[in-house]
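Reader: Could you walk me through this one, and tell me each time what makes you use a particular word?
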Amino acid sequence: MARLTYLERRGATYYARIDIPLDLVDHYRTTTRKKSLRTKDEATAKNRLWPVIATWRAEFEDTRARRVVTPGDKADATWQHYTATLERDDQERQHMPTAADIEAAKEAAIERAQRENINISDPAEVLHATLDLITLRDRRASYANARRVKLEWLRKHLAEGETALIDDEVDAYIEQNKLLIDPLSPERGELASRMMRAEIEALERTVERDRGDYSGAPKDPIVKPATGTSREQAKPGEAIMELFEVYAAENPKSISVDTIAQARRDVGTFVDYVGRTCPVGRIDKKAVREWKALLLRYPVKATETKDFAGMKIAQIVRHNEKIEKPLISSRTVNRYLAGLSAFCSWLVNHGYIEHNPVDGMFLKKSSASKTVPFTVEQMNTLFKSSLFTGCRSADEWRNVAKPGNVLIRDYRYWVPLIMLFSGARPAEISQLAVSDMRQEHGHWIMHITTEGEGEKSVKSDGSMRVVPVHPELVKLGFIAYRDGMEKAGHQRLFPEAQRNSRGQMIAEYSKWFGPFLTKLGIKDGRGLSLYSFRHGAADALRRAGYLDDQFGFMLGHTKSTMTGRYGIMPQGMLQQRVDLINSITYPGLSLDHLK
């Protein structure tokens, strides 16, 4: 029988072993954790193993639930410690002996001495009989002296940067509020310093109270009431991401699976900032404003970059100040804000918050589109490249970019061409079923829909539509390709096209396509991408004399219709679409070498 993955034998002794989750490796500064099970017997080791593994897993989840410390946390910790110290002083003073208590203790000591016939000439016997009285009588003075001594030492430690006297209180605050702070970081040092200053101020108040003065107030400028309230812990079912899943399940705007997944990741970065245990009622303008400020300094593809592995958003931003990776665009910042805004609108409608805190937070949009269509010269260069005429190998992206004798005729070949002559989105094309491409009223059509076999998604219900197949695609062999896939028994038109872990269709291909254009000398900077074909189709329709509102529905810019859902329409209506598609031409473009 195979040994358990978590069980490891070293010499004769068994050990528990677990891999640190990749997102937590930087936090723990190691990739594995091991612990001796203190046994040489495998059966005993297995019994002892699972409690250890369960404890580690719980610890990992606790670490993930933590959040980066904010200025508000530091202010809250400072004021909480100041007020807590004074509250403890109040309680201690309430239990101090009064003069009557001391007199009663004195009488009790005398009575005891008489009852037990204590020899008053023996110091030891006298001390034993009067110890309770001495302790009671000196308690107030001892308490006052202890506070003065601690005050003196706190001032000394504060000047020297020593934190031993405050470490337990700092650790308790960090644990209670689920903060993510490196024990050796400057942030923990600052938190400890602030709490020491708070306690110094509080002890100075207690010294004033010893003189009967209760009117004192903090002189240190950082010791003041924190704005807002302390961090709350969400009630079961009211954490932000818990309610996001309810919102995603309802999907009130019927947005695509990909868009929901993107919003989940984007809202996740907000939760990364405010903390997993933050209740939705705490989503306010201040939190959104601070998150937006971080997004404006957030690097591109941070979660996919090894340099930021295991870091939260604030940590990523700080680290990037050192390594200077490029930042996300204002358009991407707006995408993050839009995902949170749509969720907050749902929260408002369901009574969780009163107002949408994202309103008015969006950055000003550029009037010009950043994606531009290809020129004819650029397209001629592209369609004569190794991707379309022959490469070294079809198995690895780097070999696809090298000329050779291997012909690629899967989605990588067809998606750009179909986009060029239809304006369809790459994900819409790559998920097509063989049955989605069929003849209607004598015309070949592509039915872009979520209906039928396989996992499909569209940007919105209005994206479902019927798009005729362009004659140029027929000449290039697209119908023959479709028939070949049907004959081979494939349900999907492009079975090799896959979704990534985020649910995005052919994301790897889209990512590779930009650098490929750069390698060909077509692209220099931003502007050209796979979506340039879609923009080119729109421009071709404009050149043919059509207005945007006359062909927008062909690009998926329209409200949902039953025609779009079922793909059935009268012959005359279909002919109008055929005429639109057939008007897409590119004077000077040569594709004869592909036929």
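Predicted model: local features only at pLDDT ≥ 70, side-chain atom pairs only at ≥ 80, totals over all residues.

Reader: Which residues is Leu594 in contact with, leaving aside its neighbours within four places in sequence?
Author: Phe383, Phe388, Thr389, Tyr413 and Leu476 are the ones that Leu594 meets once those neighbours are set aside. Take Phe383: 211 residues separate it from Leu594 along the chain, yet their C-alpha atoms are 8.3 Å apart. Leu594 itself sits in the segment after helix H24 (571-582).

Reader: Why is Leu594 called buried?
Author: Buried means under 20% relative accessible area, exposed means over 50%, and partly exposed is in between (1.4 Å probe, protein chains only). Leu594 has a relative accessible area of 9%, so it is buried.

Reader: And what makes Met554 count as buried?
Author: Its relative accessibility is 1%, so Met554 goes into the buried class. You'll find Met554 in the loop between helix H22 (548-551) and helix H23 (562-566). Not counting residues up to four places away in sequence, Met554 touches several others, among them Ser422, Arg465, Pro468 and Ile581.

Reader: What about Glu472, buried or exposed?
Author: Glu472 comes in at 16% relative accessibility, so buried is the word. Its place is in helix H18 (residues 471-475). Beyond its neighbours within four places in sequence, Glu472 is in contact with Phe421, Leu591 and Lys595.

Reader: How do you know what to call a helix or a strand?
Author: Helices (H or I, at least four residues) and strands (E, at least two) are DSSP runs, numbered from the N terminus. By that count the chain has 24 helices and eight strands.

Reader: What makes you say that helix H16 is largely enclosed by the rest of the structure?
Author: Count the buried residues: ten of the ten in H16 (residues 411-420) are buried, so the rest of the structure largely encloses this helix. Among them are Tyr411, Arg412, Trp414 and Pro416. For the chain as a whole, 44% of the 595 residues count as buried.

Reader: Why are H10 and H12 called roughly antiparallel?
Author: Angles under 35 degrees count as roughly parallel, over 145 as roughly antiparallel, 65 to 115 as roughly perpendicular and the rest as oblique. The axes are lines fitted to C-alpha atoms, for helices over the stretch in contact, and angles run from 0 to 180 degrees between N-to-C directions. The axes of H10 (residues 285-295) and H12 (residues 330-349) cross at roughly 150° and come within 10 Å. H10 and H12 are therefore roughly antiparallel to each other. Where they touch, Val288, Trp291, Lys292 and Leu295 in H10 meet Val333, Tyr336, Leu337 and Leu340 in H12.

Reader: What angle do H3 and H7 pack at?
Author: Helix H3 (residues 71-94) and helix H7 (residues 186-210) pack at about 30°, with their axes 8 Å apart. That angle makes H3 roughly parallel to H7.

Reader: What is the phi of His441?
Author: His441 has a positive phi of about 50°, although it is not a glycine. For background, most residues other than glycine have a negative phi. His441 lies in the loop between strand S6 (437-440) and strand S7 (443-448). With a relative accessible area of 41%, His441 is partly exposed.

Reader: And Ile506, buried or exposed?
Author: Ile506 has a relative accessible area of 3%, so it is buried. Its phi is positive too, at about 40°, although Ile506 is not a glycine. Look for Ile506 in the loop between helix H19 (478-487) and helix H20 (507-519).

Definitions and conventions. Residues numbered from 1 in each chain as written. Heavy atoms only, no water. Contact = heavy atoms within 4.5 Å.
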